[in-house]
Amino acid sequence: DFWGSPTNCSDVYDYLIRRIESDSDTCASAKDSIFDQCCYNKCSICGGNQLQDFEEQIDLDGESISCMQLQTVRVNDIAAGSNTCQSMQSRFSSTCCYDLPATPCVLCAEGAVRKDVEVDFGGD
């Protein structure tokens, strides 16, 4: 219950983040009363400094899905460190994750990249 009415964690989160200041009594009360029920560390397929390759496809229970779907939909309610999370990481991290280069190639040193210009690029 939130203010005496049944509701879900997502609705409370949305209300608090849009309407309530972090130093208010309402915020403190919500954190004290429902934090343990609503909050968890979400499982991440990729570890440490790895980035996710959203385009790669994997097979999950006979269904072909993208690594993005795996991370955003399939592991949505799986806690980090759980057996299920560890299993997913061991099955899919080699396909869905990659390490950043130690010294990455910076095409535009000033950071201004034209977004609408199409080019032929044969990189891997």
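**Exercise 1.** Decide whether Cys97 is buried or exposed in this predicted model, and then find the cysteine to which a disulfide joins Cys97.

*Solution.* Begin with the relative accessible area of Cys97, which is 9%. Buried means under 20%, so Cys97 counts as buried. Next, look for the partner: a disulfide joins Cys97 to Cys46, with an S to S distance of 2.0 Å. With -90° about the S-S bond, this link is left-handed. The pair connects distant parts of the chain, since Cys46 sits in the loop between H2 and E1 while Cys97 belongs to strand E4 (residues 97-99), 51 residues apart. Finally, Cys46 is buried as well, having a relative accessible area of 10%.

**Exercise 2.** Work out which hand the disulfide of Cys43 and Cys85 has, and why.

*Solution.* First, the sulfur atoms of Cys43 and Cys85 are 2.1 Å apart and form a disulfide. The torsion about their S-S bond is about 85°, and therefore the disulfide is right-handed. Cys43 lies in the loop between H2 and strand E1 (50-52), whereas Cys85 lies in helix H4 (residues 83-96), so the pair ties together parts that are 42 residues apart in sequence. Both Cys43 and Cys85 are buried.

Technical notes: Residues are numbered from 1 along each chain as its sequence is written. This is a predicted model: local features need pLDDT of at least 70, side-chain atom pairs count only at pLDDT 80 or more; totals for chains, interfaces and linings use all residues. Side-chain values use heavy atoms; hydrogens and water are left out. A disulfide is a pair of cysteine sulfur atoms within 2.5 Å. Helices (H or I, at least four residues) and strands (E, at least two) are DSSP runs, numbered from the N terminus. Buried means under 20% relative accessible area, exposed over 50%, partly exposed in between (1.4 Å probe, protein chains only).
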